[in-house]
Amino acid sequence: MIGKYRRRRSSPLLYGALCSFLIAGCGGSEEGSEEQQTLSAGPRYVDGTSLVRPLDYREWTFVGSGLGLTYEGETTSPEDEPPIFTSVFVNPSSHRAFMESGVWPNDTVFVLELRDSQTAAAPNRGGRFQGELVGLEAEVKDSRFPDGWAFFDFGRGSDLSDLKEVATPLSGAAAAPCVQCHTEETAVERTFVQFYPTLLEVARQKGTLKPGFRDGG
Ligand code: HEC
């Protein structure tokens, strides 16, 4: 785990040298300071497996969005309810690793942000844009979890302060649908790369699409 929080904006060389000299106390700490929760940081936990809601996910790499996606088995929302936007962000160092290899490294964090869609603002005449926050979910690839992945739900609310600051990994009946859909329907590992066009292209080139995935492209 050493090196997880090592990338810092200031004096990386000096910090690296100090790290090798001091070894203990560099990176790897679960009580990383806010400064350590930088763009490249992976998951931050309390009590070993409860995920701290990333504060800066809107500065992470945006990989794709959906508008009004509905899944089989789900009751579709009534026609007069506006469709929900989903936006997916991944921590930048894992995104870079994926662009080189087509696989997700350990310590990858995904954030799925849900927002309502709106129409009423000039000069809009017909399209939809993102409105209020509706909820926030996350998914982590980390070997500390029994099957290497975990799902988290920070709850629903129109403001970040309505959401949980820390979420325990979903388990049992709460996790079952996440695990099932993210195992059976996904293009790469447990992730919906088929909905993220720039990643899909990389997965095709690197040959990392799951054997059972039917690639329409
Ligand atoms: C029936 C299918 C289905 C179920 C059940 C499901 N998801 Fe997803 N999930 C999707 C699809 C499709 C996407 C693709 C992108 C989108 O929604 O914009 C996605 C994307 C995600 C992402 C972004 C990273 C990725 O894997 O592509 C996260 C995080 C996520 N879901 C969390 C959850 C959590 C947490 C649960 C359970 C509470 C859950 N999902 C249940 C279908 C599902």
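## A partly exposed residue, E189

E189 counts as partly exposed because 18 C-beta neighbours sit inside 10 Å. (Buried takes 20 or more other C-beta atoms within 10 Å of a residue's own, exposed takes 12 or fewer, and partly exposed falls in between, with C-beta atoms placed from the backbone.) Phi of E189 is near 50 degrees, a positive value in a residue other than glycine. E189 lies in the loop between helix 3 (172-184) and helix 4 (197-206); helices (H or I, at least four residues) and strands (E, at least two) are DSSP runs, numbered from the N terminus.

This is a predicted model, where local features need pLDDT of at least 70, side-chain atom pairs count only at pLDDT 80 or more, and totals for chains, interfaces and linings use all residues. Residue numbers start from 1 along each chain as its sequence is written.

Now to the strands: five of them form an open sheet in the order 3-4-5-6-7, with antiparallel pairing. Two strands pair if DSSP finds at least two bridges between them. At the edges are strand 3 (61-67) and strand 7 (149-156), each pairing on one side only.

Strand 4 (residues 84-90) and strand 5 (residues 108-118) run antiparallel and are joined by seven bridges. Here T86 stands opposite L114 in strand 5.

D107 is found in the loop between helix 2 (92-101) and strand 5. Phi of D107 is near 75 degrees, again positive in a residue other than glycine. D107 counts as buried because it has 21 C-beta neighbours inside 10 Å.

In the loop between strand 5 and strand 6 (129-141) you will find P123. A cis peptide bond joins A122 and P123, with omega about 0 degrees.
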